[in-house]
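I opened my notebook and the viewer together. These entries record what I looked up, in the order I looked it up.

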Amino acid sequence: MPDSLMYQQDHFVVLEPNQSEQFLTQSELLEKLKITLQQLIIEDLPPDLQNFNTAEAQAQYLLDTSCKLDIAPGQYLQWYAVRLEK
């Protein structure tokens, strides 16, 4: 039986071009995604994200289903769940 610790997503490493990696909690990552999404034009978002009415719902959808958001040519956010404890 797999350990439930394997499926916890409490912390993430976030990668951005020309930036140092950041370690964020789930709530911090959701906030970062939400702020980033609010700065984008809705027509520039992937079609599946355009179906959501709020940046919060879009951010939660991204967190649940993806690990990358293309912002502009050469600009993106990538995030991966990490375990900080052993």
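**Entry 1: Gln-78**

I started with the contacts of Gln-78. Gln-78 touches Val-13, Val-14, Leu-15, Cys-67 and Lys-68, leaving out residues up to four places away in sequence. Contact means heavy atoms within 4.5 Å. I noted the source too: this is a predicted model, where local features need pLDDT of at least 70, side-chain atom pairs count only at pLDDT 80 or more, and totals for chains, interfaces and linings use all residues. Residues are numbered from 1 along each chain as its sequence is written, and side-chain values use heavy atoms, with hydrogens and water left out.

Is Gln-78 buried or exposed? Gln-78 has a relative accessible area of 17%, so I wrote it down as buried. Here buried means under 20% relative accessible area, exposed means over 50%, and partly exposed lies in between (1.4 Å probe, protein chains only).

Gln-78 lies in strand E4. Helices (H or I, at least four residues) and strands (E, at least two) are DSSP runs, numbered from the N terminus. Leu-15 stands opposite Gln-78 in E4.

**Entry 2: the sheet**

Next I followed the strands. The protein has three helices and four strands. Along the sequence the pattern reads β-β-α-α-α-β-β.

In what order do the strands stand in the sheet? The order is E2-E1-E4-E3, in an open sheet with antiparallel pairing. E2 and E3 stand at the edges with a single partner strand each, so one side of each has no neighbour in the sheet. From one strand to the next, the twist averages 25 degrees.

I then went through the pairs. Two strands pair if DSSP finds at least two bridges between them. E1 and E4 run antiparallel and are joined by five bridges. E1 and E2 are also antiparallel, over four bridges. Phe-12 has Leu-24 in E2 as its bridge partner. E3 and E4 pair over four bridges, again antiparallel. Ala-72 has Gln-75 in E4 as its bridge partner.

E3 and E4 form a hairpin with two residues between them. Gly-74 in that turn has a positive phi of about 80 degrees.

H1 lies across E1, E2, E3 and E4, and runs at about 105 degrees to E2. Axes are lines fitted to C-alpha atoms, for helices over the stretch in contact, and angles run from 0 to 180 degrees between N-to-C directions.

The largest nonpolar core has 17 residues. Such a core is a set of buried Ala, Val, Leu, Ile, Met, Phe, Trp, Tyr and Cys residues joined through side-chain atoms within 4.5 Å. Leu-29, Leu-33, Leu-37, Leu-62, Leu-69 and Trp-79 have the most contacts inside this core. E1, H1, H3 and E4 each supply at least two of its residues.

Which residues does Leu-33 contact? Beyond neighbours within four places in sequence, Leu-33 is in contact with Ala-59, Leu-62, Leu-77 and Trp-79.

**Entry 3: helix H3**

In H3 (residues 55–65), the buried residues are Ala-55, Gln-58, Ala-59, Leu-62 and Leu-63. Seen down the axis, they fall within an arc of 135 degrees, so they line one face of H3. The arc is taken from the directions from the helix axis to the C-beta atoms. Glu-56 and Asp-64 are exposed on the other side. The buried residues of H3 pack against E1, H1, H2, E3 and E4.

**Entry 4: salt bridges**

How many salt bridges does the structure hold? It holds three. A salt bridge is a side-chain nitrogen of Lys or Arg within 4 Å of a carboxyl oxygen of Asp or Glu.

Lys-32 and Glu-16 meet at 3.2 Å, N to O. Lys-32 lies in H1 and Glu-16 in the loop between E1 and E2, so this pair ties together parts that are 16 residues apart in sequence. Lys-32 is partly exposed, at 21% relative accessibility.

Glu-31 and Lys-34 meet at 3.7 Å, N to O. Both lie in H1, three residues apart, about one turn of the helix.

Asp-70 and Lys-68 also meet at 3.7 Å, N to O. Lys-68 is partly exposed, at 37% relative accessibility.
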